[in-house]
Amino acid sequence: MKAKSFVGILLFVLTSSCWAIGPNPSHDWRSFDSDHFVVHYEAKNRAQAEAAVTIAETVWPRITGAFQWQPQEKTQLILMDDFDVANGFATPLPFNHTGIFLTPPDDGELLENSDWLELVISHELTHIVHMDKRRGAPKALQNVLGRFPLLFPNVWQPTWLIEGLATYVESEPDAHRGRLDNTLFDAYMRLEVQSGVKSLREINSDGRAFPINKAYLYGAYFYRFLEQRYGDQAVYRMVNDYSDNLLPFRVHSNPVTVTGKAMDALWLEYQDWLRARFAGPQVAQSGALLIDTQWQLAAPALAVDGSVYAVVNDGIRQPQLQRVLANGQRQTLVRVENGARIDVNQRGEVLIAQPEICANYHYYYDLYRWSEADGKQRLSHCGRYRNAVWLGDHGMVALHNDSGQSELQLLDRTGQFQRRLYRAAAGEELPDFAVNATGSLLVWTSKQAGQWRLQEMDLSDQTAPVRTLWHSDTPLLSPHYRADDQAVLFGHDRDDRLNAWQVARDGSGASRLTEVNGAVLALTGSDEQQQFVTLELVSGGYQMRRHSLAAETVANTDPVAAGDIAPTSPTTQATQTTSTTQDSTVAAATAQPIAVTIRNERDYSALETIAPRAWFPTAFVGDGALALGVEVFGQDALGWHQYTFSPQYETSEGEWLGSFIYGYDQRHFLAAFREMEVTSSSENDDDEEEIVAYKLRTTTQWVSLLPWLRLDTRIYSGIGIASARETYQIVDGAKFELQDERVAAAFIGYDSRRGNWWSEGNNRGQMLSLLAESYDPFDGQYEGKVYRADWRGQFGLGATTLALRYTEARGDDGTEPFELGGHYNSEHVGIPRLNERDLALRGYDNGEPALTGKRARIGGVEWRTPLADLDTHFMVPPIGFNRLSAALFYEAGAAWSGSSSPEQYYRSAGLELLAELKLGYRIGLQITLGWARGLDEPGGDEAYFRLGRSF
């Protein structure tokens with residue numbers, strides 16, 4: 001009898017904060033309380049924590065009032081400065097907690113008028129209140145069982161309904177805040193309408209199709225559609241109606257009481273609403289096409305010779321730095337990381353800012369220099385330089401982020417800090433910047449309180465004041481100097497379009513340079529031929545185009561008459577720490593901060609939150625056995641401690657069973673299992689089954705890791721202990737010990753495997769692990785030592801993957817033998833499974849004498865290819881399928897004792913069908929259906945099913 005942990009599965013899928021990187025336990029973490037929150041923060045971020053809780057307490061009444069729901073317990077609010085990206089997370093399990101990344105955004109749809117902390121806190125707290133809300137039977141059962149995952153109906157909605165709602169609530173149209181109705185968001189949806197609005201089944205599946213923000217996009221506009229078509233309260237009435245589902249997933253019928261329509265009919269009406277809202281002629285694309293539609297495209301840089309550099313990601317291979325020559329020829333120069341930013345100088349040297357893992361805990365940006373002569377060289381370590389540009393030939397200017405505070409720094413050619421150029425004021429963000437060709441002028445965009453500015457500094461005169469060239473109440477993006485330094489080119493959100501503009505530095509006005517159908521996301525300065533390059537959003541991805549300033553100028557605009565743009569005089573001054581003036585309209589529409597009382601400041605303690613918040617009864621009946629138990633789970637707020645505990649008591653024989661799994665800091669793990677198997681039973685005089693004999697198996701494993709983490713390689717070393725004991729018990733009779741194994745182990749592993757958005761699993765890199773185990777420290781069934789080496793290699797062939805496998809294992813004479821056979825092979829993810837003697841060889845039964853020995857060797861090759869991205873999810877029943885793939889394999893292995901090599905290898909071949917299954921909209925599972933044929937005696941045909949894609 002083996003107890004299955006359904007709650008454990010749900011925990012793994014939904015609540016695990018298994019950060020390989022994240023909060024470092026060695027840092028000084030602190031906590032304090034407010035009326036509705038417990039805030040956790042590093043001591044150095046005390047001011048940011050106070051600002052965050054003020055925002056949280058300010059928006060809390062608006063959100064809870066809209067949902068008519070007040071969570072019973074305080075929400076755990078975690079301020080994190082471990083990631084140089086703008087993001088956050090929220091979950092109600094096992095308690096309400098949300099993590100806020102302090103680094104502000106500097107590109108994409110998050111660049112809108114909201115203050116970053118206000119935007120992300122409003123979004124994540126909407127998740128908290130929405131997913132925590134329950135009524136009726138779920139609420140009543142939670143009073144008994146606690147925070148059991150299935151008793152949170154709103155957790156089990158499609159992603160687009162959850163993320164769309166938070167995006168809808170974060171947005172304040174009257175104040176031009178939030179992503180909904182933002183120009184870039186509109187552009188994404190306008191292009192969706194032009195290319196064909198996606199079906200409800202595809203959106204429910206949340207598959208790979210572009211755009212990757214489709215859950216936010218379609219969800220947010222859906223709620224706006226509900227509001228406009230069915231009234232202001234339609235959104236929250238629909239949420240309320242869903243919140244009493246004892247059996248969740250009732251998505252199809254949920255809208256009926258509010259709209260009179262089931263979800264499939266309502267979606268058709270929504271599609272018509274989208275088409276009407278975004279109707280209009282398409283604008284013809286202008287400019288010469290340099291790089292056609294790509295899944296991701298970023299960071300255009302124009303060289304003096306007219307060639308263009310960019311970061312190109314086709315979704316199959318690792319992102320690449322590419323160069324487009326003047327004749328249109330494209331050259332791949334070097335591989336880079338996703339999210340890399342670049343700049344090129346007159347020498348043809350490329351400055352690269354890209355992410356890396358710092359000190360095993362942090363995802364920070366660092367600087368690299370690439371040249372054809374020297375290749376790629378690293379300039380900084382844990383530098384936190386999100387972007388950088390060349391300053392002539394002698395240095396560079398870099399944007400440095402720390403604790404959400406941005407500043408522009410002057411560095412030398414080697415990346416060494418020289419001096420601070422500009423430090424952002426409190427609440428000010430510095431999304432982007434540029435230097436002119438001679439290195440004498442620096443321009444940057446500044447965002448504060450809903451106001452945007454182009455600001456300039458004369459680098460040749462350290463006493464010169466900062467001056468404002470331009471300001472607006474809509475986003476200003478990607479500034480660059482024109483070749484003659486008489487104007488600054490920039491992206492501007494105006495008239496519901498993001499286009500390229502230029503503003504004269506003498507204050508004489510601005511003109512629009514492009515008219516695009518989608519949106520201009522970034523641009524370069526001009527070259528000597530007065531040409532510049534734009535990165536544009538188009539249907540299905542991104543394009544890069546070259547434009548001529550003279551030919552592309554669309555209109556000369558009187559900015560004062562236009563009303564929404566107003567230049568300031570070139571002599572207008574701003575100090576480096578003075579806040580810019582807040583627009584009165586935005587200020588009036590923004591909730592005023594409330595006074596927050598901070599209480600009980602203290603050192604962080606995991607004990608405050610680690611207690612279990614729910615329990616669930618477990619039982620097993622069969623073969624005369626009756627086992628009853630409970631399952632509990634929990635973690636602390638920072639996710640350092642995580643556990644599940646599932647004790648059971650078997651009433652017939654009085655045996656304690658169950659499991660306990662604990663992890664600390666994703667580096668130390670302990671697991672224990674005790675299982676009972678009834679081997680013989682009989683009926684008594686009352687025709688009831690009684691146990692005659694049974695087996696008890698107890699297994700434990702402890703492993704501790706020491707990792708060295710980088711994005712492209714992960715190295716692990718560690719130690720561990722494992723034991724397995726099995727006894728055979730005759731009821732009211734003898735007890736026999738069948739197994740008593742205890743080993744100590746040491747291991748080291750290297751893993752550079754990685755995948756891409758469109759690839760079939762990992763499509764590049766290698767894994768090598770070396771494991772040494774010894775029975776000798778313990779008095780058990782076996783003695784001696786065991787050594788094992790495992791290698792996996794993945795090689796991308798377009799969208800397909802060639803995977804290779806090799807295992808070599810050797811044991812001393814007194815060790816437990818290896819057994820080849822079966823289809824299951826434990827995944828290798830840096831944590832080895834100790835005391836494992838079963839090695840998969842498909843097409844053969846495990847335990848065959850010919851495939852058993854003290855030594856073992858297996859090699860195999862597998863070719864995997866995608867068949868179709870189905871991307872469909874049904875509502876009744878709530879089951880979906882994303883990608884369907886196939887794999888062909890051939891492998892051979894042998895097990896033997898004594899001699900140095902085997903007498904015979906046993907071969908097998910077969911095929912597998914791999915499907916990405918989605919259950920209840922939220923649980924994604926990889927399932928494999930396989931068939932294998934053993935090509936040598938005692939092989940045969942084997943059909944099998946398993947979870948995962950182990951190889």
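This is a predicted model: local features need pLDDT of at least 70, side-chain atom pairs count only at pLDDT 80 or more; totals for chains, interfaces and linings use all residues.
Tutor: Arg378 lies in strand S14 (residues 375–378) and Asp366 in strand S13 (residues 362–371), so the pair ties together parts that are twelve residues apart in sequence.

Student: Is Asp366 buried or exposed?

Tutor: Asp366 is buried, with a relative accessible area of 1%, whereas Arg378 counts as partly exposed at 27%.

Student: How many salt bridges does the structure hold?

Tutor: The structure holds 70 salt bridges. One of them joins Asp81 to Lys44, where the closest N and O atoms are 3.3 Å apart. Asp81 sits in the loop between strands S3 (75–80) and S4 (88–91), and Lys44 in the loop between strand S2 (37–42) and helix H2 (46–67), so this pair ties together parts 37 residues apart in sequence. Asp81 is buried, at 2% relative accessible area.

Student: And what about Arg277, which residue does it form a salt bridge with?

Tutor: Arg277 forms a salt bridge with Asp181, and the closest N and O atoms are 2.5 Å apart. This pair links distant parts of the chain, 96 residues apart, with Arg277 in helix H11 (residues 263–277) and Asp181 in the loop between helix H5 (159–170) and H6. Arg277 is partly exposed at 32%, and Asp181 is partly exposed at 26%.

Student: Which residues are linked in a network of salt bridges?

Tutor: Arg805, Arg842, Glu862, Arg864, Glu891, Glu912 and Arg946 are linked in such a network.

Student: Switching to the surface, which residues form the negative patch?

Tutor: The negative surface patch is formed by Asp623, Glu683, Asp685, Asp686, Asp687, Glu688, Glu689 and Glu690. Glu689 lies in strand S39 (residues 689–709) and is partly exposed, with a relative accessible area of 41%.

Student: What makes up the nonpolar patch, then?

Tutor: Leu706, Trp708, Ile715, Ile748, Tyr750, Leu768 and Leu770 make a nonpolar surface patch of about 610 Å². At least two of its residues come from each of S39, strand S41 (735–751) and strand S43 (762–774). Leu706 has its place in strand S39 and is partly exposed at 48% relative accessible area.

Student: New topic: where are the cis peptide bonds?

Tutor: A cis peptide bond joins Phe210 and Pro211, with omega about 0°, and the bond from Glu937 to Pro938 is also cis, with omega near 10°. Pro211 is in the loop between helix H7 (200–205) and helix H8 (214–230), while Pro938 is in the loop between strand S52 (923–934) and strand S53 (941–947). As background, most peptide bonds are trans, and most residues other than glycine have a negative phi.

Student: Which residues have a positive phi although they are not glycine?

Tutor: Asp495 has a positive phi of about 55°, and Gln666 likewise has a positive phi of about 55°. Asp495 is in the loop between strands S24 (487–494) and S25 (497–504) and is exposed, with a relative accessible area of 58%. Gln666 is in the loop between strands S37 (655–664) and S38 (668–683) and counts as partly exposed at 22%.

Student: Last one: what does the side chain of Ser526 lie 2.8 Å from?

Tutor: A polar atom of the Ser526 side chain lies 2.8 Å from the backbone nitrogen of Ala483. Ser526 is buried, with a relative accessible area of 11%, and its place is in the loop between strand S27 (519–523) and strand S28 (531–538).

Terms used: Residues are numbered from 1 along each chain as its sequence is written. Side-chain values use heavy atoms; hydrogens and water are left out. Patches are made of residues with over 30% relative accessible area and no salt bridge: like charges are joined within 9 Å, nonpolar side chains (Val, Leu, Ile, Met, Phe, Trp, Tyr) within 5 Å. Accessible areas come from the Shrake-Rupley method with a 1.4 Å probe; for residues, only the protein chains shown count as cover. A salt bridge is a side-chain nitrogen of Lys or Arg within 4 Å of a carboxyl oxygen of Asp or Glu. Lys and Arg count as positive and Asp and Glu as negative; His and the chain ends are not counted. The place of a charge is taken as NZ of Lys, CZ of Arg, CG of Asp or CD of Glu. Helices (H or I, at least four residues) and strands (E, at least two) are DSSP runs, numbered from the N terminus. Buried means under 20% relative accessible area, exposed over 50%, partly exposed in between (1.4 Å probe, protein chains only). A polar contact is a pair of N or O atoms within 3.5 Å; within protein, one must be able to donate a hydrogen and the other to accept it, and residues adjacent in sequence count only if both atoms are side-chain atoms.
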